[in-house]
Amino acid sequence: MRLKKLFTALMALILCACAPAHAEYDMPYYIGVDVTNQIVTIYRTEDDAIVRQMLCSSGMNDSTPIGTFYLMPKGRVTERGEWTWFQQYHCWVKYATRIYRGYMFHSLPFEKKDESTMIEQSVKEFGMPTSHGCMRLRVDDARFIAKECLEGTKVVIYKNEVKEEELRQLLLISSFDIEEGISYSEFLGYSENDLSRGSTGTEVSDLQHRLIDLGYYDGEAHGRYDNDTIAAVKHVQQDLGIARSGIASQELLEVLYSDNAPVSTGQATLTEGRSGPVVKRLQSALQDLGVYEGELDSVYDLDVSQALQLFQGACGYEVNGVATPELQQAVYYQLNRLEETFGADALPRAEIVREEISMAHLESKANIIIRSRPDTKSENLGKLHNGDSVMLDGVDDKWAAISVGAINGYVLKKYLRPYTQDNVVLKYTGESGESYQIGHTMAEYRAGAESFADEFSALYVSGEFAGVTEEPVDYATVETGSDDVRLNLRAAPDGAAEVLAELPNGTSLRVLAREDGWTKVGYDERIGYLKDDYLRFWEGSVSDVESTESPRESAASQLEFEEGGEAIQAVVVCTGADDKAGVYEAGSEDAKVLGNLPAGTQVEVVEVSTGDDWVKIRYREREGYMLDANLQFQLM
């Protein structure tokens with residue numbers, strides 16, 4: 001316990017040292033930017049409390065200016081808005097806010113005006129000084145500054161004498177946001193009474209073993225509650241729909257050690273010899289994909305490895321039988337697409353088609369140019385990097401003809417290490433003739449087809465695939481009969497037990513367990529019990545795990561929409577088992593359906609009408625109509 005108190009005291013001293021001083025100042029927030037540690041901290045002026053803290057990437061070679069600045073007026077109309085184009089660097093960013101001259105806070109960069117195109121290298125280098133002078137942030141952090149930190153907000157950019165690697169690692173996992181309902185001390189993973197930062201012993205090692213079995217933890221069970229353990233616990237809490245404090249309370253431990261514990265879809269790497277519920281989940285998915293025929297025995301053995309290798313071959317990954325977090329997510333992503341095509345209860349058997357192909361790895365300390373002809377003076381078609389894989393189309397004494405993506409060209413043979421590999425295509429055909437295919441034939445690749453591995457890599461980096469890789473789970477919605485009546489969340493399944501919270505009518509929560517007329521749920525930071533008599537049960541997506549209230553009746557009629565006024569944004573919300581909402585050609589359910597948008601999608605409001613249940617929206621340059629009940633509105 002003394003260790004925990006010492007840690008907290010040290011953190012308090014560090015934070016006080018970092019907080020910029022301010023005299024008379026009437027803005028709600030002020031901002032400190034520590035370029036030594038690449039940390040941005042937003043303080044509340046009235047009490048100096050930290051309301052948000054985040055990792056950033058500032059300018060390389062000390063190109064970010066040091067000093068005190070005040071957020072400037074817009075230099076271009078798109079600033080503080082959703083998208084801004086940087087012509088000089090040929091990239092898009094989100095929520096750019098000007099600090100000084102051309103220096104801004106903004107999101108990590110994108111290749112296109114599409115969040116699935118986030119530049120992968122910028123993600124890999126996040127937390128290091130790699131920009132041209134601006135402060136690169138996660139999208140949500142950039143949005144907070146653009147929307148909440150007004151013109152004139154003080155920004156102090158400074159160098160810190162202290163290197164805070166522990167805090168950096170914590171912020172790499174996630175930013176701190178006081179609106180999530182946890183204190184800054186809790187965000188740091190500190191608690192007097194529960195397993196938390198600084199805890200040691202068998203209780204911690206037992207927890208780490210359990211987190212390994214559930215697939216949330218990739219380290220050793222060494223019995224020290226460190227950043228990796230905090231990160232694993234936060235991922236569990238996120239999947240349960242409770243505040244991500246990283247602290248293992250007694251209630252959370254009970255859930256983790258129960259049969260209803262959540263199982264990760266991809267946080268830890270799985271290899272032969274691993275066991276536990278996370279392996280069983282992967283076995284089940286590979287079985288549904290038709291590449292695994294073994295038992296669901298929770299053991300990662302040779303059969304599981306070979307099944308995964310089939311999947312890797314079809315998708316264009318390195319064939320090694322190692323289930324990385326990205327590869328696990330790819331498995332669940334493909335299974336979801338298959339179920340959308342045929343239905344979860346009618347999956348056809350996979351037809352496995354094999355072709356042997358000649359491949360090569362590039363081994364070179366420098367990038368190697370792909371030439372249009374076997375001649376060093378011919379056209380430059382692109383570059384290969386150390387470790388890249390290519391298809392070999394032919395070899396002579398000096399040059400190799402290669403294919404990589406849509407590029408067909410030549411590289412010097414001496415830099416290539418050849419090997420053979422089975423190209424696998426998994427084909428699925430339903431009874432009514434519909435089909436689905438994982439992988440491409442050699443002819444399709446040579447015609448320019450991109451491997452699924454390359455396609456999914458961009459999705460994985462951006463997180464755009466989130467919500468489609470997850471299994472349906474049980475939910476309960478509070479139904480008290482009136483919006484004026486709340487339901488008590490109790491500490492035990494007993495009507496006389498302590499009331500932990502009062503839940504509004506319409507709140508939807510993930511079911512953790514059910515027993516004797518009571519349902520165990522997570523709400524905010526609490527885990528407690530609700531009486532079944534006031535609950536409606538349904539099955540939904542894990543992406544619905546946040547506590548939500550029912551959509552407001554006639555919300556659109558309460559909005560005033562003025563042409564040229566402040567823009568209105570809406571987020572798609574859905575109730576019941578369906579986690580998508582329809583977009584129609586006109587404001588009528590009899591109109592043509594243009595498509596469906598999943599819960600959480602942000603759309604732009606084009607027009608609302610008083611007394612009308614329909615809202616005209618714009619999504620990715622297309623317009624349509626959605627029911628007001630399926631939208632939650634906010635000013636941009």
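A cavity here is a set of points on a 1 Å grid over the protein atoms alone where a 1.4 Å probe fits but cannot get out, and lining residues have an atom within 4 Å of a point. This is a predicted model, where local features need pLDDT of at least 70, side-chain atom pairs count only at pLDDT 80 or more, and totals for chains, interfaces and linings use all residues. Residues are numbered from 1 along each chain as its sequence is written, and side-chain values use heavy atoms, with hydrogens and water left out.

The lining of this second largest cavity includes Ser174, Phe176, Asp177, Lys234 and Arg244. Its classes are three nonpolar, two polar and four charged residues.

Now the helices. Helix H9 (residues 277-288) packs against helix H11 (residues 325-342) at an angle of about 40°, with the axes 10 Å apart. On the H9 side, the contact (heavy atoms within 4.5 Å) includes Val278 and Leu282, and on the H11 side Tyr332 and Leu335 are among the residues.

The second pair is helix H6 (residues 202-214) and helix H7 (residues 227-240), whose axes come within 11 Å and cross at roughly 55°. So H6 is oblique to H7 as well. Leu207, Gln208 and Leu211 of H6 meet Thr229, Ala232, Val233 and Val236 of H7.

Definitions and conventions:
Axes are lines fitted to C-alpha atoms, for helices over the stretch in contact, and angles run from 0 to 180 degrees between N-to-C directions. Helices (H or I, at least four residues) and strands (E, at least two) are DSSP runs, numbered from the N terminus. On a 1 Å grid over the protein atoms alone, a cavity is a set of points where a 1.4 Å probe fits but cannot get out, and a pocket is an open set with protein on both sides within 12 Å along at least five of seven lines; lining residues have an atom within 4 Å of a point. Ala, Val, Leu, Ile, Met, Phe, Trp, Tyr, Cys and Pro count as nonpolar, Asp, Glu, Lys and Arg as charged, and the others, Gly among them, as polar. Angles under 35 degrees count as roughly parallel, over 145 as roughly antiparallel, 65 to 115 as roughly perpendicular and the rest as oblique.
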